[in-house]
Amino acid sequence: MRVFLRQPGANNMTDKHDWTIDDAERLYGVKRWGGGYFEIGENGNLHITPDHSNPAMRIDFKAVIDEIKEEGIQFPVVIRFHDILRSQVAELNQTFRNTIAEAGYDSPYMGVYPVKVNQMREVVEEIVEAGAPFNYGLEAGSKAELLTVLAYNTNEGALTILNGYKDEEVMQLALLGRKMGRKVIVVVEKYSELLLLVKNAKQLGIEPMIGLRSKMTVKGRGKWESSGGDRAKFGLTIAEIINAARYLKEQGMGHCLKLLHFHIGSQLTDIRSVKDAIGEGARIYAEMHHMGFPLEYVDVGGGLGIDYDGSKSTNESSRNYSMAEYVADVVYGMKEVCDLENVPHPTLVSESGRAITAHHSCVVTQIFGEIKANSSEFATEAAEEEHILVSNMRSLADSLQGEYDLQETFNDAAQYKEQTLAAFKLSVVTLEELAKVETLYWEIMTELQKGLRNLEFIPEELQELDYSLSSQYLCNFSVFQSCADTWAIDQVLPVIPLTRMNEEPTVNCSLVDITCDSDGKIDQFVCEHGITDVIPMHKLKKDEEYYMGLFLTGAYQDVMGDMHNLFGRLNEVHIYGHDDDPQDFYIEEFVPGSSVENVLSIMQYHPSALAQSVKKSIDKHIAAGDIKPREGVKWIDFYEKCLQGYTYLKTSL
Ligand SMILES: *Cc1c(COP(=O)(O)O)cnc(C)c1O
């Protein structure tokens, strides 16, 4: 649901206090979506406490920006807080451990991180390392991911779960994993995969570990609800599950059947679907036991949601439960059914990806310009023999000096503007007259907008006025690269200024990127009362850079970006917290983003051939005497330097 956002300052009509960071917190909801990692500091800058186990470690975002600038690293930049990643891994595992102990559940938790959520090497390495004390493993969903996981999940105590569609090579790679002493479980997504696996296992003489994915009748609620139900793309029906188990027994491989798997969708918004799925899965597991197929593991898939909009609701971008509640429902839900059915408690596996990675990275960039809805100045005085429509619009504008009816004035202005446009097309109104009418129209709208502040109830048509009069702030980044889901599936991600939050933001704006695509914009924001199409930001100053942060981009957004307009990957900065440092952090690594050469090579160009061609043209003009030789050499150098440079704009002051 979108809500209408009043003009900044509107509330102050009744409540005239100075703006404080509490007002900023109310507006931007940092604590509501920040997962305990972000907070607005007294100085108006965003602060980060990246490690839940060490609340004294506190980083000022402005200090991070300053250091990035000092290092000469160009924005936009992806900033990764590795401590947040580690903290999330520890939190999920520790929550399962504690709940299992508290419930008297008889088997452990052995989770896996699904690498598709963020396959970046540094992310996977960090998760594996932080997860080692918990035997936390990895999940792969494709051949490339499996090849990665076989090389990185070297802990023989941890699980490797293999999902997704598989060919013979994939099966052989999984068996190679078994040969290397790994607990690789091949999850059968469709029946024919089972035959392929058994054949290869027998030929190679390697014992596989097998899982069966159930096509659940429970559907998750949210954007990914088609992952469950009859039309789900993956999984076996109940009949197929029973047939598969019988087939394995016939083949003398009944003992290889280890795991029952289900996944009813990502970002489950309603805890009830989790409860339902656990209930259904536990029943299948118990019945299989009764039928003589003693599975050891139940894998509940992913789906643990993130509260992107901070509303703790069943909104698509939220969830109505916490991590602790989710874990309790898995553990207690499984225990209840198993105890009732008198079967052993299975080892619990989950494949939470979003919940592990979303908070750890964000995109930081400069806002470097403003597109105002009505910025043009144009003289609108009456001319001799001007068209009646121009005079009408002027009289309407003049009438705003006295008493007037908002809705009626709005309607009249809209009508005059339309009529003028039609008259212009018919050569009845001149170009100059059209300019006057448009200028007057926007003057009227601006005036009407002021009047809206005092209304108790705002008519629907006039609500649009705020959006059409709002500014667009130009951001140096690409929506298609940095938050693809915003464009593709209307994913809401929090956006906030990183400084000046102790000042009242007075400009209602939406954000536009630097691609040549009108879809390259953000116009859904997390605000005080819900999702709005504009967000209050601060007035830009000529001599001060203004940075915004796009948050919770660590899951999926980080790795799904595309090459629209050849912008490519962002510069990346890895931050580690450090107590001994005066600023509590250091930049551990800088990973350069795409250069122009990189992105052009992907599109099959040869950068050296491009430079050659430009050089040839310049040489021709040097020979003809149009360009001086020295100047020509400088231009060629400049062209080559740009080829090697960053794809994004240089907007620093
Ligand atoms: C995508 C996916 C996941 C990860 O889901 P999250 O909601 O990000 O935790 C886990 N398991 C399977 C099978 C998936 O396809």
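This report covers the overall layout, aromatic pairs, ligand surroundings and backbone exceptions of one predicted model.

## Basis of the model

The model is predicted: local features need pLDDT of at least 70, side-chain atom pairs count only at pLDDT 80 or more, and totals for chains, interfaces and linings use all residues. Residues are numbered from 1 along each chain as its sequence is written, and side-chain values use heavy atoms, with hydrogens and water left out.

## Overall layout

The protein has 653 residues, and 54% of them are buried. Buried means under 20% relative accessible area, exposed means over 50%, and partly exposed lies in between (1.4 Å probe, protein chains only). The C-alpha trace spans about 100 × 75 × 60 Å along its principal axes. The secondary structure comes to 22 helices and 23 strands. Helices (H or I, at least four residues) and strands (E, at least two) are DSSP runs, numbered from the N terminus.

Four domains divide the protein: domain 1 (2-81 + 361-373 + 470-593), domain 2 (107-351), domain 3 (388-456) and domain 4 (597-644). Their bounds come from an automatic or database domain assignment. The C-alpha centres of domain 2 and domain 4 lie 54 Å apart. Take the contacts in the protein with a separation of 6 or more: residues 24 or more positions apart account for 76% of them. Contact means heavy atoms within 4.5 Å.

## Aromatic pairs

The whole structure holds 15 aromatic pairs. Rings of Phe, Tyr and Trp (its six-membered ring) pair if their centres lie within 6.5 Å; planes under 30 degrees apart count as stacked, over 60 as edge-to-face and the rest as tilted. One of the pairs is F96 with Y109, which is stacked: 3.7 Å centre to centre, 5° between the planes. F96 lies in helix α4 (residues 82-103) and Y109 in the loop between α4 and β5 (112-114), so the pair ties together parts that are 13 residues apart in sequence. F96 and Y109 are both buried.

F480 and W487 form an edge-to-face pair, at 5.2 Å centre to centre and 65° between the planes. F480 is buried, with a relative accessible area of 2%, while W487 counts as partly exposed at 42%. Ring pairs also link W33, F38, F61, F81 and F551 into a cluster.

## Charges over rings

Two Tyr rings carry a charge over the face. R319 lies over Y321, at 5.8 Å from the ring centre. K417 lies over Y441, at 4.5 Å from the ring centre. The criterion is NZ of Lys or CZ of Arg within 6 Å of the ring centre and within 35 degrees of the ring normal.

F480 is found in helix α17 (residues 479-482). Leaving aside residues up to four places away in sequence, F480 touches W487, D513, T515, D517, D519, G520, G561, D562 and H564. F480 and G561 are 81 residues apart in sequence, yet 5.7 Å apart in space, C-alpha to C-alpha.

T95 sits in helix α4. T95 counts as buried at 16% relative accessibility. With the same exclusion of residues up to four places away, T95 touches M323, A324 and V327.

## Ligand surroundings

There are 15 residues around the ligand, and K116, S266, E351, G353 and Y556 come nearest. A residue is near a molecule if one of its heavy atoms lies within 4 Å of it.

An N or O atom in the side chain of S266 is at 2.5 Å. An N or O atom in the side chain of Y556 is at 2.6 Å. For G353, a backbone N or O atom lies at 2.7 Å.

Helix α5 (residues 121-131) is mostly covered, with eight of its eleven residues buried. They are E122, V123, V124, E126, I127, V128, A130 and G131. N135 lies in the loop between α5 and β6 (137-140). N135 is not a glycine, but has a positive phi of about 50°. N135 counts as partly exposed at 30% relative accessibility.

R500 also has a positive phi, near 60°. R500 is in the loop between β15 (495-497) and β16 (507-512), and is buried, with a relative accessible area of 9%. Elsewhere, a cis peptide bond joins F75 and P76, with omega about 0°. P76 lies in the loop between α3 (61-70) and β4 (77-81). Most residues other than glycine have a negative phi, and most peptide bonds are trans.

How values were computed. A polar contact is a pair of N or O atoms within 3.5 Å; within protein, one must be able to donate a hydrogen and the other to accept it, and residues adjacent in sequence count only if both atoms are side-chain atoms.
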